[in-house]
4 protein chains.
Amino acid sequence: MKALMYHGPRDIRHGSMADPGLHAPGDAIVRVSACSICGSDLHIWHGHGFSDDIGFCVGHEAVGEVVEVGRAVTRLRAGDRVMLPAAVGCGACAPCLRGQVFACENGGAACYGLSARLQGVQAEAVRVPAADMNAGRIPDGISDEAALMLTDAMATAWFGVRQADVVPGSGVAVIGLGPIGLMAVDAAWVMGAHVVYAIDPVPERRAVAAATGAIALHPDQALDTIREDTRGRKLDGVIEAVGADATVDLALRLVRARGTVSVIGVQQSRRYAFPLERAFAAGLTFRTGTCSVPEELPALIPLVRSGRLRPDRHVSHHLPLSAGAEAYRLFDAREAGTLKVVLTPD
Amino acid sequence: MKALMYHGPRDIRHGSMADPGLHAPGDAIVRVSACSICGSDLHIWHGHGFSDDIGFCVGHEAVGEVVEVGRAVTRLRAGDRVMLPAAVGCGACAPCLRGQVFACENGGAACYGLSARLQGVQAEAVRVPAADMNAGRIPDGISDEAALMLTDAMATAWFGVRQADVVPGSGVAVIGLGPIGLMAVDAAWVMGAHVVYAIDPVPERRAVAAATGAIALHPDQALDTIREDTRGRKLDGVIEAVGADATVDLALRLVRARGTVSVIGVQQSRRYAFPLERAFAAGLTFRTGTCSVPEELPALIPLVRSGRLRPDRHVSHHLPLSAGAEAYRLFDAREAGTLKVVLTPD
Amino acid sequence: MKALMYHGPRDIRHGSMADPGLHAPGDAIVRVSACSICGSDLHIWHGHGFSDDIGFCVGHEAVGEVVEVGRAVTRLRAGDRVMLPAAVGCGACAPCLRGQVFACENGGAACYGLSARLQGVQAEAVRVPAADMNAGRIPDGISDEAALMLTDAMATAWFGVRQADVVPGSGVAVIGLGPIGLMAVDAAWVMGAHVVYAIDPVPERRAVAAATGAIALHPDQALDTIREDTRGRKLDGVIEAVGADATVDLALRLVRARGTVSVIGVQQSRRYAFPLERAFAAGLTFRTGTCSVPEELPALIPLVRSGRLRPDRHVSHHLPLSAGAEAYRLFDAREAGTLKVVLTPD
Amino acid sequence: MKALMYHGPRDIRHGSMADPGLHAPGDAIVRVSACSICGSDLHIWHGHGFSDDIGFCVGHEAVGEVVEVGRAVTRLRAGDRVMLPAAVGCGACAPCLRGQVFACENGGAACYGLSARLQGVQAEAVRVPAADMNAGRIPDGISDEAALMLTDAMATAWFGVRQADVVPGSGVAVIGLGPIGLMAVDAAWVMGAHVVYAIDPVPERRAVAAATGAIALHPDQALDTIREDTRGRKLDGVIEAVGADATVDLALRLVRARGTVSVIGVQQSRRYAFPLERAFAAGLTFRTGTCSVPEELPALIPLVRSGRLRPDRHVSHHLPLSAGAEAYRLFDAREAGTLKVVLTPD
């Protein structure tokens with residue numbers, strides 16, 4: 001089959017690889033009908049990847065159709081339209097049964113497309129382990145493209161805002177307006193924020209947030225403006241959706257005493273210089289982590305179905321899978337107007 | 001001064017009464033600039049009042065200006081624009097300091113205008129006991145009329161939805177679309193409901209709710225429609241904003257297993273026939289009670305200031321205080337289009 | 001095999017019935033090593049049962065050993081020591097995967113031993129449907145008898161105290177000191193109650209509670225004593241573990257303004273005369289329902305393993321299964337000293 | 001009057017200073033009957049103080065008797081026995097009214113005895129600003145010495161365990177077994193921990209914790225032992241009660257995926273090397289801050305009154321105030337057996 005594979009820094013290419021097959025009785029094979037590129041895929045593209053492997057298939061956001069199931073699969077059958085949460089678990093331990101794949105007690109937690117261990121989904125087809133738990137039928141009333149956004153980006157955004165302890169009436173900031181940040185802005189509104197500050201250096205991204213009613217700010221203005229607007233009190237919850245020390249620093253400056261910072265950008269600092277004295281004086285809560293997608297779906301599915309959340313509106317480009325190399329370059333350029341890029345097997 | 005006074009069933013009249021004076025060092029006198037009629041005022045008007053007193057001033061929703069303060073008042077001064085929460089507390093015990101006036105430990109909890117004990121606010125002026133705690137300056141950016149809605153109706157609606165355990169993604173119903181019910185619809189959206197069913201026999205009231213995106217239903221259709229829409233699962237939270245046994249019954253039928261019913265309509269049943277066997281089988285939570293207004297304000301003030309909640313849009317009539325008798329008749333008729341009636345001292 | 005079967009009011013007898021067999025690929029057969037009698041079994045014994053069936057096997061609390069599994073069972077194998085939560089679910093829907101069997105979305109929720117639909121466990125063996133989800137291996141460090149208490153009584157007690165919103169520092173009452181009530185007393189201490197009032201007419205039962213530090217009261221004294229001890233404030237949370245209108249009434253009188261009543265005794269009133277006016281004035285929360293046992297186990301297992309909870313100390317009698325008829329009479333007599341009765345297949 | 005005053009590093013001496021007087025109408029003067037030394041006082045003693053002032057009175061834990069009140073004080077009168085929470089607020093803003101003095105919106109938050117701005121309480125008398133809010137009558141049934149522990153140490157310990165998201169069934173560790181750490185062990189039991197690991201290099205301190213049922217460990221053993229005991233899962237909540245980078249590091253290693261670290265030791269690191277990559281992978285919550293004592297008292301007072309918490313058992317020494325210099329040296333030596341040191345004006 002055809003797939004996008006990692007061959008080294010800045011070298012992800014469309015090529016041929018072996019078709020996936022069933023390895024275990026709980027596996028299923030899913031023919032991918034659409035997949036998308038996530039900001040964290042750029043970590044791989046830039047070569048500071050999560051393994052030393054070469055030649056593996058990348059990507060972790062996909063929807064498609066079940067084409068084959070192992071004999072232990074009971075909840076899916078060939079022909080089912082499914083969405084594939086970005087990470088899988090063993091599917092059998094208590095946390096996995098609750099959807100908390102990243103708390104899998106059997107060491108089964110893995111994200112697609114980070115190494116050869118679990119091939120990615122930017123391909124014509126993919127093997128899904130423990131498919132009864134790790135693939136979900138696309139609910140009635142949800143489009144394939146909205147479902148694709150639920151496999152990672154929208155769920156991570158939602159998780160990030162929840163983790164910031166946002167409640168009705170909160171004042172909120174979102175730092176970083178890539179697709180996840182923009183969906184976090186949407187999530188903050190749904191959770192009852194009275195104000196959302198949307199912070200990013202790119203004017204076009206700020207404009208998307210501003211159109212929702214958010215107050216859009218360049219990072220350089222953020223601290224002064226927010227301090228003034230709130231008369232020094234600052235914000236209840238701040239979401240960092242970048243993954244850099246400087247934006248974590250900014251988040252810790254924008255939050256009020258006793259407020260919460262939620263860091264969802266992929267973090268690779270081993271010794272981040274945390275302002276502990278200041279955090280102690282202010283009584284802060286600092287949370288970071290990765291979303292276990294299935295855990296967020298019970299709240300998200302009705303909100304997407306009813307149209308209160310429309311994550312698919314953040315799709316900016318549709319390209320064939322064969323244009324994957326170009327798509328990565330495009331996405332990495334963070335050009336004005338490039339948000340979510342959806343790839344379709346040809 | 002002039003005031004609206006209760007003289008017996010269906011006999012509330014504009015007349016003269018003594019000007020209020022300071023009784024205690026913590027009192028303040030507030031000149032009323034606007035007051036409004038609440039659904040619970042109709043209980044008095046209908047004569048099944050809360051005391052046997054005659055000739056007392058009615059009403060519990062008002063804003064105005066401080067004109068005199070006792071010597072122990074430290075947080076207010078003459079000239080301050082204030083809003084008066086519908087009920088007062090002693091202002092000194094721990095619950096009162098947290099704004100939970102109905103949990104006052106010194107027996108100080110009282111609503112304005114229910115008896116001669118604490119004269120009402122549908123008057124040219126009113127005495128406010130423990131004024132430091134029981135009157136609040138109108139925050140910048142909030143109009144007098146929005147503040148007037150915060151003294152009871154909007155706060156009670158908000159409390160009612162909170163008490164129904166509504167969270168982002170919930171399915172919600174509001175039974176009874178008087179002003180409080182309509183504000184509860186607004187509150188449910190802000191708290192993240194994915195759907196709000198708005199139930200009332202009056203088409204015009206349903207139309208107001210439907211304009212927010214709610215699904216408006218006649219009570220007779222409600223159970224069948226909701227059962228079908230939800231494939232039998234029913235709703236996470238149901239708010240009863242009427243105060244009748246039949247609507248409490250309906251609420252208990254619309255809620256899902258393990259869901260919550262929140263009853264905020266004024267209840268006068270001493271032996272309501274509660275379906276205990278069914279509630280036990282379904283694992284329900286049933287909550288009822290009165291809002292302690294100041295407790296809700298920290299969340300509401302930023303939401304009203306930012307325009308996410310616009311409770312003043314439910315004001316349908318402005319009349320002079322001298323037209324009070326007519327205003328009560330009008331409000332009691334529950335005519336199409338009559339929602340919140342605001343009275344202004346002439 | 002031998003089993004206890006219901007033949008009519010006050011007629012539960014030891015007799016022979018067909019051995020259980022696998023009906024579905026997810027079933028397992030468990031050889032019962034110990035089972036116990038629950039207060040709710042007495043509802044059946046008294047004939048106001050939950051069906052019109054005759055001749056079915058009763059009982060819903062058991063531990064034992066897996067002897068056979070269907071081909072779709074993946075998490076259990078013959079020889080496993082297991083505990084059987086009192087009720088089962090479909091084992092496949094999202095609530096079941098989280099352990100919330102009574103919210104099963106496929107209509108699969110059923111308690112053992114209420115009718116011929118799902119035979120009871122007071123027998124030499126039992127069929128367990130969807131066994132991967134509905135049977136759990138007994139964790140290391142937990143005795144069989146403690147595990148037997150976790151299949152219903154201790155879990156229901158724990159659930160009941162949680163549902164009363166008990167937090168560290170709460171004042172609590174438990175009404176009804178059968179085994180579940182006594183375990184609720186234990187649970188309230190573990191959850192941080194500063195005081196626990198234990199209320200029952202039987203002095204010996206009160207003595208068991210008093211030995212934990214609880215204040216033991218006869219129901220006739222309860223209201224006056226608690227009012228006086230708390231200077232009229234009354235209690236934060238009250239648990240009703242009887243299932244009678246009079247004790248629900250008492251619970252609603254013992255709770256403070258804004259407190260919570262949790263009703264876990266099996267309720268069969270269709271029109272309980274609920275004091276709605278008083279509940280409205282006091283702002284009460286009223287919760288009732290049945291425990292989904294697996295949902296409570298993640299908290300309970302470490303507490304039982306570490307010895308902070310010792311539910312097996314409430315076992316008062318060990319009898320052979322063949323003495324079942326006598327055991328029911330004994331338990332129904334509520335004699336001094338009769339608490340949990342454990343039956344062992346001969 | 002006589003008082004303990006700071007004259008430079010390791011130089012806190014008993015000497016004479018001016019009697020305190022009323023500065024504002026809300027002030028009260030309290031004659032100190034007992035005060036105690038807190039671990040954070042040692043920061044001052046060691047000279048890395050919180051100001052450059054010299055000659056100010058130190059200490060922030062005291063109980064005593066009101067001897068004089070300003071004319072705006074309404075809730076206290078001369079003769080009242082009071083406890084003085086370690087920090088004060090303006091007493092008028094909403095957070096202060098709720099007891100959250102460290103969120104004071106008027107810049108009024110201050111701890112006694114850190115500088116000349118607010119003189120300390122290790123003295124014969126002390127001025128209490130906004131005394132209606134900042135001094136509390138000692139509740140009936142609570143000894144003066146227990147009340148003294150509630151002014152800071154016990155409240156901070158309680159806050160620290162709450163901030164670690166400890167719930168019934170949690171596995172907990174407390175790092176640092178000074179008086180606050182030992183009280184945190186007590187608090188963790190009351191909040192329902194199933195296991196408490198108590199970690200400190202001093203054997204005698206470990207022995208005090210072990211006597212409560214805690215598992216006492218030297219810091220060097222902690223990680224290996226806890227990993228093994230929990231089969232690699234580690235602990236739900238970890239409380240750091242030291243205030244050093246190494247113990248914060250240890251806390252972050254002992255907590256499970258998705259668990260919470262609560263840092264209550266006084267932190268002075270400006271650039272703590274936070275393991276952000278690991279925290280992100282594990283999905284941690286990291287909380288730090290200072291206790292607002294009055295906020296914790298509603299839960300603590302009934303627990304201390306009922307004897308479920310006995311903070312006064314951690315008092316190891318009683319000395320006259322005049323022996324203050326010696327008391328500081330003694331406390332700083334962290335000798336076996338030195339826990340809480342209570343000083344009594346002569």
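Reader: How many residues of chain A are in contact with chain D, and what makes a contact?
Author: Contact means heavy atoms within 4.5 Å. By that rule, 32 residues of chain A are in contact with 33 residues of chain D. A word on the basis: this is a predicted model, where local features need pLDDT of at least 70 and side-chain atom pairs count only at pLDDT 80 or more, while totals for chains, interfaces and linings use all residues. Residues are numbered from 1 along each chain as its sequence is written, chains are lettered from A and ligands numbered from 1 in the order in which they are written, and side-chain values use heavy atoms, with hydrogens and water left out.

Reader: How much area do chain A and chain D bury, and how is that defined?
Author: Buried area is the accessible area (1.4 Å probe) that two parts lose on being put together, summed over both. For chain A and chain D that comes to about 2,900 Å², and carbon and sulfur atoms give 53% of it. In chain A, the residues that lose the most area to chain D are Arg258(A), Leu276(A) and Phe280(A), together 27% of what that side buries.

Reader: What makes Glu277(A) and Arg270(D) a salt bridge?
Author: A salt bridge is a side-chain nitrogen of Lys or Arg within 4 Å of a carboxyl oxygen of Asp or Glu. The N to O distance for Glu277(A) and Arg270(D) is 2.6 Å, so the pair meets the rule. Four salt bridges are found across the interface of chain A and chain D.

Reader: Which elements of chain A touch chain D?
Author: Helices (H or I, at least four residues) and strands (E, at least two) are DSSP runs, numbered from the N terminus. On the side of chain A that touches chain D, those giving two or more residues are strand 14 (255–263), strand 15 (272–274), helix 10 (276–282) and strand 16 (285–288).

Reader: Why are strand 15 of chain A and strand 15 of chain D called paired?
Author: Two strands pair if DSSP finds at least two bridges between them. Three bridges join these two strands, so they pair; they run antiparallel. Ala273(A) has Ala273(D) as its bridge partner.

Reader: How many residues are in contact between chain B and chain C?
Author: 33 residues of chain B touch 33 residues of chain C. The area buried between them is about 3,000 Å², with 53% from carbon and sulfur atoms. Arg258(B), Leu276(B) and Phe280(B) lose the most on the chain B side, together 26% of what that side buries.

Reader: How do you know that Arg258(B) forms a salt bridge with Glu295(C)?
Author: Their closest N and O atoms are 3.0 Å apart. The limit is 4 Å, so the pair counts. The count between chain B and chain C is four salt bridges.

Reader: What is the sense of the pairing between strand 16 of chain B and strand 16 of chain C?
Author: The two strands pair in the antiparallel sense, over three bridges. Thr285(B) stands opposite Arg287(C).

Reader: Why is Gly283(D) called buried?
Author: Buried means under 20% relative accessible area, exposed over 50%, and partly exposed in between (1.4 Å probe, protein chains only). Gly283(D) has 17%, so it counts as buried. Gly283(D) sits in the loop between helix 10 (276–282) and strand 16 (285–288) of chain D. Leaving aside its neighbours within four places in sequence, Gly283(D) is in contact with Thr288(A), Gly289(A), Arg258(D) and Gly259(D).

Reader: What makes Asp80(A) and Arg137(A) a salt bridge, and what does the pair tie together?
Author: Their N to O distance is 2.8 Å, and the limit is 4 Å. Asp80(A) lies in the loop between strand 4 (61–69) and strand 5 (81–84) of chain A, and Arg137(A) lies in strand 9 (residues 136–137), so the pair ties together parts 57 residues apart in sequence.

Reader: Are Asp80(A) and Arg137(A) buried or partly exposed?
Author: Asp80(A) has 12% relative accessibility, so it counts as buried. Arg137(A) has 48%, so it counts as partly exposed.

Reader: Why are Asp11(B) and Arg13(B) given one label?
Author: Asp11(B) is at 24% relative accessibility, so it counts as partly exposed. Arg13(B) is at 42% and is partly exposed. The two form a salt bridge, with their closest N and O atoms 2.8 Å apart.
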